[in-house]
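Reader: Please show the model, and then let us go through it by question and answer.

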Amino acid sequence: MKAIVSVIGKDKKGIIAKVSTALYEMNINIEDISQTIMQDYFTMIMAVDTSECPLKFDGIVDKLNKLAKDTHLEIHIQLQSIFDSMHKIDTDKKGL
Amino acid sequence: MYSSNEIIETINMISQQHLDMRTITLGISLFDCITDSKQRTCDKIYDKIMSKASNLVKIGNDISSELGIPIVNKRISVTPVSLISAASKGHLEIIRTLDRIADETGIDFLGGYSALVHKATTPYEREFLLSIPEALSTTNKICSSINVATSKAGINMDAVALMGKIVKDCAYLTKDKDSIACAKLVVFANAVEDNPFMAGAFLGSGEDDTVVNVGVSGPGVVKTALEKCDGDLTEVAECIKQTAFKITRVGQLVAKEASKRLDASCGIVDLSLAPTPVIGDSVAHILEEIGLESVGAHGTTACLAMLNDAVKKGGIMACSNVGGLSGAFIPVSEDAGMIKAARIGALSFDKLEAMTAVCSVGLDMIAIPGDTSADVISGIIADEIAIGVVNTKTTAVRVIPVYGKKAGDTAEFGGLLGTAPIMNISKYSPSKFISRGGRIPAPLHSNKN
């Protein structure tokens, strides 16, 4: 399934390394990545594909929550469809 | 790919502005459970609901996890029980069955202990209505709604008179819990058949066998959007529309996915802006953001009319089927801004009644003095129902005459039901009017003046 990982927090070394390592360990492929500094905060958006990940979605959420706690970052993973539905008009045909 | 701003906007709506799905409500028809035996009817109801809804909570939680958005309540609505129990007279047995189902499925509320008596009350329906206080005071999650009027049938004033007494009985039987049974009882005019919101949810006779109806929330999102809007009221309305569109799109997504996973038909998205007592999740604060010193000020009805209309206009394009109560809710005890305004005297009972003429749904979650008589409650119901009947809209009354408390005291209901300052009402009696009984004829629907 296509999902969006968003990482928000104070800029520091190794954020991309840690998040991409965690995703690699779950066999999640990163398809696109962008990062900016917004209002002094590091913001990274990753488009990922979870279809080869052996975990269920809530398992992925748990792993990333743990990483978020350990690194003091805000990390979310959400299916792409929520962003499609909110920000695009013509994508209603797709399900989750 | 999306811009970072779009992603962050969505995340902030959820994490900071309390955007949530208020409820996934699974409607289940019970018509195929009717028998003339109390036991067999209950067995069939149990088997049917459990076969359709045993996964409801898990599916709701899964979707919530995948989309990263809270789905606050998972609820069930059923065919009005008075129709299902009429052949067996087994309504009291059915209430025990429904209570057991609510516990075993882990859902938050089950609605549909209901009767449709808008034109007349049959002898059995009267017996059913009289069982409501026991049903609501001996269960926690069951909700009841009674339709006493429609724009086509007029107002069944015998039922209105009876409901005044029933509300009082509900209050007395739960006197140790601030009369909380009344919070689970709604009296309707023009009740809708696909409402996902409690306490008024039931599945109408024209609906499919199993249907998913979804209720969105998000007053905090609208308020935050308006904080950045300095324009005139046309721009304010536009801002509300755009925000409502985004909120409702998520509702549509959840409704589609939940119906697929529950193997039910995809019913409607209810566009209502439903507040909670949490700070930052208030409809009153939206009205104040538009420019009122406090909700209840002169100008409140106009602001609310615009809000209600703009929410519908934004939401209607966002989803395929809109239904339910769709509008802005103004439950006093469930909205931090309403609670404050009622407490400082800025918001009166009469102003609330005026506000209900331009929004969904009615006099909702209003605590009134415990010594209010049944006739006065019937008078309150009659007034509100008349607004709905004449204006061809749904209106409802959910008032709580809090046993042992007087105006100025506070009632605590807890959770989503919140806290209610007890409001002053008129001291004068409508007793003769209420005791006349009969039916107020359906109003003329032309020559609108």
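Reader: How many residues of chain B are in contact with chain A?
Author: This is a predicted model, in which local features need pLDDT of at least 70 and side-chain atom pairs count only at pLDDT 80 or more, while totals for chains, interfaces and linings use all residues. Residues are numbered from 1 along each chain as its sequence is written, and chains are lettered from A and ligands numbered from 1 in the order in which they are written. Two residues are in contact if their C-beta atoms, placed from the backbone, lie within 7 Å. By that criterion chain A contributes 23 residues, and the number from chain B is 21.

Reader: Which element gives the most to the side of chain B that touches chain A?
Author: Helices (H or I, at least four residues) and strands (E, at least two) are DSSP runs, numbered from the N terminus. At least two residues each come from α1 (4–15), α3 and α10 (233–262) of chain B. The element that gives the most, with 8 residues, is α10(B).

Reader: How many residues of the side of chain B that touches chain A are charged?
Author: Ala, Val, Leu, Ile, Met, Phe, Trp, Tyr, Cys and Pro count as nonpolar, Asp, Glu, Lys and Arg as charged, and the others, Gly among them, as polar. This side has 9 nonpolar and 5 polar residues, and its charged residues number 7.

Reader: How far apart do the C-alpha centres of the two domains of chain B lie?
Author: The bounds come from an automatic or database domain assignment. They place domain 1 at 23–189 and domain 2 at 214–428 of chain B. The distance between the C-alpha centres of these domains is 22 Å.

Reader: Which element gives the most to the side of domain 1 of chain B that touches domain 2 of chain B?
Author: The contact takes 37 residues from domain 1 and 38 residues from domain 2 of chain B. Elements giving two or more residues on the domain 1 side include β1 (21–28), β6 (154–156) and α8 (157–173) of chain B. With 10 residues, the one that gives the most is α8(B).

Reader: How many residues of α8(B) are buried?
Author: A residue is buried if 20 or more other C-beta atoms lie within 10 Å of its own, exposed if 12 or fewer, and partly exposed in between, with C-beta atoms placed from the backbone. Among the buried residues of α8(B) are M157(B), L162(B), I166(B) and K168(B). The helix is mostly covered, and of its 17 residues the buried ones number 12.

Reader: Which residue stands opposite A189(B)?
Author: Two strands pair if DSSP finds at least two bridges between them. Strand β7(B), residues 185–189, has 5 of its 5 residues buried, and β5(B) pairs with β7(B) in the parallel sense over 5 bridges. The pairing of β7(B) with β12(B), residues 395–402, is antiparallel over 3 bridges. In β12(B), the residue opposite A189(B) is T395(B).
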